[in-house]
Amino acid sequence: MGSTVTYSNVIESSGQGDPSPLFGEPVVVSGNQLSFDPEQFAFSVDAPPADTTDGALSFVITSNSSDPIPGIVVSESGDYSLFGFPTGTEGVASILSVTVTDLSNPSNEIQAFSAFIEVFDDPPFEGVFWENEVVIDLSSFGTTEVEVVLNNTLQAVGDLGVPVTTFIRKKDFDVDIIPEPSSAILIAVGAGLMAARRRRG
């Protein structure tokens, strides 16, 4: 349970041959943020064909009051690397697709998609961080309960006959609620007043 919403029916499924669980146990860490700490969500490859680590999540978000859910943001981050000398055909990617359905009116549905893609065409390097995010505005729904279904994949591509290893790993995965517009405005105004007071002081 978060401060204004409750997450329930959190179900994970992974692709055939992938370790499970990929996302790990969810925990509400602050406010409404549902946080996952992936430990096995990684993939490396030395040569074609490209391979994919495929994870899926579904859950229900319910408002703790009569206030509608304003929107959600799904964010992920991690690191990636390449060992060897790239030929320009190697790469890594993280692909995130999200579908949100209004449970009071299932005909109301929003789909969103975002991807991080990196093609290696520079000298060897390592320890590079990546991030990806999907933001979905639900103000048009005006609903207090939604179902979220998301599909999340990591992909790595190598090069046949070349001693190169590509690697990508997910280290953090979070779901949060977008603040209501009025709250966001109040926060911004409050910050402005505090800044003005500091300047006067």
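How many residues lie between strand 7 and strand 8 in the hairpin that the two strands form? In this predicted model, strand 7 and strand 8 make a hairpin with 6 residues between them. Strand 7 covers residues 91–102, and strand 8 covers residues 109–119. The two strands pair in the antiparallel sense, and 11 bridges are found between them.

Within strand 8, S114 was examined in more detail. The relative accessibility of S114 is 16%, and the residue therefore counts as buried, the cut-off being under 20%. The side chain of S114 makes a polar contact with the side chain of N132, at 2.5 Å. When neighbours within four places in sequence are left aside, the residues in contact with S114 are S94, I95, L96, N132, E133 and V134.

The largest nonpolar core has 37 residues. The members that touch the most other members are I61, I72, V98, V100, L150 and F173. Strand 10, which spans residues 145–157, gives the most to this core, with 5 residues. The surroundings of V98 were listed without residues up to four places away in sequence. On that basis V98 touches I72, V74, I110, Q111, A112, V134, I136, V148, V149 and L150. Two of these, I72 and L150, are also named among the core residues that touch the most other members.

The search for salt bridges over the whole structure gives 3. One of them is formed by K170 and E76, with the closest N and O atoms 2.4 Å apart. This pair links distant parts of the chain, since K170 belongs to strand 11 (residues 165–177) and E76 to strand 6 (residues 71–83), 94 residues apart. Both partners are buried: K170 has a relative accessibility of 1%, and E76 has a relative accessibility of 2%.

A further salt bridge brings together the side chains of R169 and D79, with an N to O distance of 2.9 Å. Here too distant parts of the chain are linked, with R169 in strand 11 and D79 in strand 6, 90 residues apart. D79 also meets K171 in a salt bridge, at 3.5 Å from N to O. The positions of D79 in strand 6 and K171 in strand 11 are 92 residues apart. D79, R169 and K171 are accordingly linked in a network of salt bridges.

Technical notes:
Residues numbered from 1 in each chain as written. Predicted model: local features only at pLDDT ≥ 70, side-chain atom pairs only at ≥ 80, totals over all residues. Heavy atoms only, no water. Helix = DSSP H or I, 4+ residues; strand = E, 2+ residues; numbered from the N terminus. Buried < 20%, exposed > 50% of the residue type's maximum accessible area, 1.4 Å probe, protein only. Polar contact = N/O pair within 3.5 Å; in protein donor to acceptor, adjacent residues only side chain to side chain. Contact = heavy atoms within 4.5 Å. Core = buried A, V, L, I, M, F, W, Y, C linked by side-chain atoms within 4.5 Å. Pairing = 2+ DSSP bridges. Salt bridge = Lys/Arg side-chain N within 4 Å of Asp/Glu carboxyl O.
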